[in-house]
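Subject: Handing over a structure

Dear colleague,

I am passing this structure on to you, and you will find the sequence and the model just below. After that come my notes on what was found in it.

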Amino acid sequence: IVASDIPSHQEVLKNNHNAILVPCDDVSRWSEAINNLLADKTLRIKMGKNAKGAYYSEFTPQLRVERILENIVL
């Protein structure tokens, strides 16, 4: 994942762990990030596994529903 380095993305994505975060208005950094991923299969695999692990441990629809229900005061 290459994504804009904005606060809402930073809540979910960790730079150089499960994504590469770059300034939204810096075309050269976007290009560099994409080219680095294209050139480095090991990095792509590592970051993909990290992203998949984060999704299944924190962000599945079921987990989101459970968190919402935990915060509903009855």
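The accessible surface of the protein comes to about 5,600 Å², and 57% of that surface belongs to carbon and sulfur atoms; accessible areas here come from the Shrake-Rupley method with a 1.4 Å probe, and for residues only the protein chains shown count as cover. Please keep in mind that this is a predicted model, in which local features need pLDDT of at least 70 and side-chain atom pairs count only at pLDDT 80 or more, while totals for chains, interfaces and linings use all residues. Residues are numbered from 1 along each chain as its sequence is written, and side-chain values use heavy atoms, with hydrogens and water left out.

Of the 74 residues in the protein, 18% are buried, where buried means under 20% relative accessible area, exposed means over 50%, and partly exposed lies in between (1.4 Å probe, protein chains only). The radius of gyration, taken over C-alpha atoms, is 15 Å, whereas a compact globule of 74 residues would have a value near 11 Å; the globule rule behind that figure is 2.2 Å times the number of residues to the power 0.38. Along the principal axes, the C-alpha trace spans about 50 × 25 × 15 Å.

The secondary structure comes to 4 helices and 2 strands, and along the sequence the pattern reads β-α-β-α-α-α. Helices (H or I, at least four residues) and strands (E, at least two) are DSSP runs, numbered from the N terminus. Among contacts between residues at least 6 apart in sequence, 32% join residues at least 24 apart, a contact meaning heavy atoms within 4.5 Å.

Next, the helix packing. Two packed helices are described by the angle between their axes and the distance between the axes. The axes are lines fitted to C-alpha atoms, for helices over the stretch in contact, and the angles run from 0 to 180 degrees between N-to-C directions. Helix H2 (residues 27-39) packs against helix H3 (residues 41-59) at an angle of about 100 degrees, with the axes 5 Å apart. H2 and H3 are therefore roughly perpendicular to each other, given that angles under 35 degrees count as roughly parallel, over 145 as roughly antiparallel, 65 to 115 as roughly perpendicular and the rest as oblique. On the H2 side the contact is made by Leu37, Leu38 and Ala39, and on the H3 side by Lys41, Leu43, Arg44 and Met47. These residues divide into 5 nonpolar, no polar and 2 charged, with Ala, Val, Leu, Ile, Met, Phe, Trp, Tyr, Cys and Pro counted as nonpolar, Asp, Glu, Lys and Arg as charged, and the others, Gly among them, as polar.

H3 also packs with helix H4 (residues 61-70), at an angle of about 35 degrees and with the axes 7 Å apart. Here Tyr55, Tyr56, Ser57, Glu58 and Phe59 of H3 meet Pro61, Leu63, Arg64 and Arg67 of H4, and by class this contact has 5 nonpolar, 1 polar and 3 charged residues.

Strand S1 (residues 2-4) holds Ser4, which counts as buried at 16% relative accessibility. Not counting residues up to four places away in sequence, Ser4 touches His9, Leu21, Val22, Cys24 and Trp30. Val2 lies in strand S1 as well, and with neighbours within four places left aside, Val2 is in contact with Ile20, Val22, Trp30, Ala33, Ile34 and Leu37. Val2 and Ile34 are 32 residues apart in sequence, and their C-alpha atoms are 7.1 Å apart in space.

The loop between helix H1 (7-10) and strand S2 (20-22) contains Asn16, whose phi is near 65 degrees, a positive value in a residue other than glycine. Asn18 is found in the loop between H1 and S2 too, and is buried, with a relative accessible area of 4%. Beyond its neighbours within four places in sequence, Asn18 is in contact with Ile1, Val12, Leu13, Met47, Asn50, Ala51 and Ala54.
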